[in-house]
Amino acid sequence: MAPKAKDKAKPAAAAAAPPVAVEDLFTSLNRHIQRSEFDLAVKVSDQVLSILPGDEDAIRCKVVALIKNDSVEDALSAIELFSKKYPVDFSFFKAYCLYRLNKLDEALVSLKGQEGNTVSMLLESQILFRLGRMDACVDIYQKLQKSKIDTLEINYVAALVSAGRASEVQGIMDSLRVKPTSSFEFAYNVACSLIERNQHKDAEQLLLSARRIGQETLMEENLADDDIEIELAPIAVQLAYVQQVLENTQEAFDTYSSIIKKNLADVSSLALALSNLIALKGPKDVSDGLRKLDKLIEKREGPPLTFHLARDLDIKLSQKQREAIYVNRLLLLLHSNKLDQARELASALPGMFPNSIVPVLLQAAVHVRENKANKAEEILLQYANKSPENSKVFLLARAQIAASAGHPQIAAESLLKIQDIQHKPATVATLVSLKERAGDIEGADSIFDSAIKWWSNAMTEDNKLDIIMQEAASFKLRHGKKEAAARLYEELIKGHGKNIEALVGLISTAAHTDVDKAESYEKHLKPLPGLKGIDVEGLEKTSGAKMVESGPAVEAYEPKSKEKAKKKRKRKPKYPKGFDPENPGPPPDPERWLPKRERSSYRPKRKDKRAAQVRGSQGAVAKEAAAQSVGSKSTNQTGNSKGTSHSANTEQTKPSSKSRKKSRK
């Protein structure tokens with residue numbers, strides 16, 4: 001068999017495309033970055049890295065393009081991959097990616113060693129701001145104050161306000177030589193500082209200016225109306241809050257409702273508008289408020305039950321704003337009597353906001369709502385001992401709960417631990433009342449003694465010693481300590497002049513123990529008018545006044561007018577024509593104005609006898625007819641029985657015939 005012929009040689013493969021020059025790739029990469037085409041920039045960066053695997057510029061361009069394209073996790077993965085292969089420092093980019101992913105502690109660790117870099121310091125300040133470490137954040141801005149960084153004052157003022165140092169904002173503005181209306185962002189932050197200082201009227205005017213400046217600035221940038229409204233939503237929410245504080249509740253309500261209805265705002269502004277609207281409504285529409293807040297709050301099951309906000313609100317809201325949302329939800333749960341859910345949230349809040357006292361107070365409120373006042377008192381005492389700087393609030397709340405629960409001794413004990421209010425009259429009165437309720441009279445007496453001692457040594461203009469001594473003397477007198485009460489009254493008179501109440505109290509008190517002293521001080525009283533002619537000794541010998549059931553009538557005193565009242569002129573009566581008053585004739589009927597049926601002479605018309613006859617069916621016998629027939633039988637015994645029955649039959653048939661005639665009509 002002849003061998004097969006060899007196939008013809010196939011045409012040579014198309015020549016490979018010539019490699020693109022690296023310079024052209026970098027040119028294309030730069031063009032894509034300038035046009036914000038970051039996905040294409042990533043592809044071109046990969047092409048460059050396929051030719052030059054370790055090129056640092058291509059690696060940085062890829063990482064930055066991924067970050068700009070919001071692919072932060074991919075950027076972090078690329079950083080970790082390239083860090084293992086090439087000796088390139090990606091610590092700043094890694095810290096920024098971790099910051100974007102809200103891994104703030106890791107981001108701070110990644111920034112170590114770059115403290116002198118201005119860009120790294122700005123990133124560190126942002127991380128510290130989000131962590132709530134405001135004082136450290138302000139320190140970094142103070143170091144950067146001499147650096148010429150655009151919009152530094154905006155973040156600087158925001159950090160000062162969040163740190164509770166709003167009073168320093170004016171000094172920073174003077175040092176930086178910047179006006180509040182230099183930009184709408186800066187005007188907004190300065191307005192927030194005015195709100196913190198309770199200057200709400202000025203804050204309202206500045207917020208209105210910020211909204212106007214923002215509209216003008218964003219219109220120059222050719223933004224659409226909806227985009228402008230979204231950008232200015234934080235200003236609108238803050239303006240509504242100021243109106244709410246200024247008690248313009250209807251305007252605030254309309255603004256919040258409009259923002260929520262239009263949905264033209266960022267998620268953080270929408271969340272704050274919703275939370276503020278719920279706070280404005282109060283206990284109204286509790287179910288609707290809970291339903292809306294449940295969309296913002298998510299629960300994570302686990303050994304430590306935790307809650308977090310949806311839609312990245314944990315990153316975008318400050319700690320104070322997040323706390324307000326959780327607190328509003330807990331209050332709504334209490335109003336709706338959902339105690340199980342309220343207990344879960346209350347137990348988690350102290351761990352979420354350890355530096356705040358509100359979660360602890362709410363936790364105690366939940367226990368009180370569950371009729372567990374002892375548990376609430378225990379928790380408040382525990383936190384008062386744990387944080388002495390906040391112990392005053394916890395102890396006051398504990399005293400309030402204990403007093404309401406009928407534990408006066410615990411309430412008094414809580415108030416006695418607050419040293420700076422022991423001497424105040426309101427505190428003294430409350431403590432004395434609590435001690436009296438608990439039956440501790442000696443303890444109440446010692447509270448008065450310590451308060452008198454404090455005010456005696458106090459060098460203040462508004463001294464309350466006379467008030468405390470007056471009440472202490474009254475208390476001692478009420479509880480049988482007459483000598484001590486008399487001594488206090490006497491000191492009060494000698495030290496504070498002629499006090500009439502103290503003088504009367506001293507006389508009435510000393511009359512039981514020292515009559516001579518009472519008589520000596522009695523001379524200082526002004527004599528009452530009209531008592532000189534009364535024989536006091538004679539009154540003492542009498543048996544006393546007797547109560548008279550009906551005393552003499554006392555005429556009311558009427559002052560006489562100087563001018564006598566003028567007598568009215570009597571006019572002659574006018575008589576009808578032809579009437580002779582000397583012969584008036586019979587008097588008219590006095591009942592002439594009454595209806596006829598109400599007059600005494602009225603007699604009703606007689607009723608028709610036929611109406612009393614019984615109308616019935618044929619053959620019926622009326623009771624009256626039967627009675628007549630019986631009577632006729634008894635009187636007329638000799639009569640014919642057949643005739644009698646016949647006449648009776650005729651009487652019975654007549655009514656029936658008449659009734660038939662009437663029915664035909």
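A residue counts as buried when its relative accessible area is under 20%. In this predicted model, N189 comes in at 10%, so N189 is buried. This asparagine is found in helix α11, which covers residues 184-196. Leaving aside residues up to four places away in sequence, N189 touches I154, V157, A158 and V161.

Stepping back to the whole protein, there are 33 helices and two strands. The protein has 665 residues, and buried ones make up 33% of them. If we take contacts between residues at least 6 apart in sequence, 46% of these join residues at least 24 apart.

Now for how some of the helices pack. Two packed helices are described by the angle between their axes and the distance between the axes. On the α11 side, the contact is made by F184, Y188, C192 and I195, while α14 brings in P234, I235, Q238, Y241 and V242.

A second pair of helices is α3 (residues 56-68) and α5, which pack at an angle of about 15° with their axes 12 Å apart. That angle makes α3 roughly parallel to α5. The crossing of α3 and α5 is left-handed. Here R60, V63, V64 and I67 of α3 meet F93, Y96, C97 and R100 of α5.

Helix α5 also turns up when we look at aromatic rings. A search of the whole structure finds eight aromatic pairs. One of them joins F92 and F93, whose ring centres are 5.8 Å apart; their planes stand at 75°, so this pair is edge-to-face. F93, which takes part in the contact with α3, is buried, with a relative accessible area of 16%. F92 has a relative accessibility of 23% and so counts as partly exposed. Another aromatic pair is made by Y96 and Y99, with 6.2 Å from centre to centre and 45° between the planes, which makes the pair tilted. These two tyrosines are three residues apart in helix α5 (residues 91-100), so about one helical turn separates them. Y99 is buried at 11% relative accessible area, whereas Y96 counts as partly exposed at 27%. Y96 is also one of the α5 residues in the contact with α3.

The charged end of K386 sits over the ring of Y383, 4.7 Å from the ring centre.

N102 has a positive phi of about 65° although it is not a glycine. Its place is in the loop between α5 and α6 (104-110), and with a relative accessibility of 30%, N102 counts as partly exposed. N222 likewise is not a glycine but has a positive phi, of about 60°. N222 lies in the loop between α12 (200-220) and α13 (225-231).

Key: Residues are numbered from 1 along each chain as its sequence is written. This is a predicted model: local features need pLDDT of at least 70, side-chain atom pairs count only at pLDDT 80 or more; totals for chains, interfaces and linings use all residues. Side-chain values use heavy atoms; hydrogens and water are left out. Rings of Phe, Tyr and Trp (its six-membered ring) pair if their centres lie within 6.5 Å; planes under 30 degrees apart count as stacked, over 60 as edge-to-face and the rest as tilted. Buried means under 20% relative accessible area, exposed over 50%, partly exposed in between (1.4 Å probe, protein chains only). Helices (H or I, at least four residues) and strands (E, at least two) are DSSP runs, numbered from the N terminus. A charge sits over a ring if NZ of Lys or CZ of Arg is within 6 Å of the ring centre and within 35 degrees of the ring normal. Axes are lines fitted to C-alpha atoms, for helices over the stretch in contact, and angles run from 0 to 180 degrees between N-to-C directions. Angles under 35 degrees count as roughly parallel, over 145 as roughly antiparallel, 65 to 115 as roughly perpendicular and the rest as oblique. A crossing is left-handed if the near helix is turned anticlockwise from the far one by less than a right angle, and right-handed if clockwise. Contact means heavy atoms within 4.5 Å.
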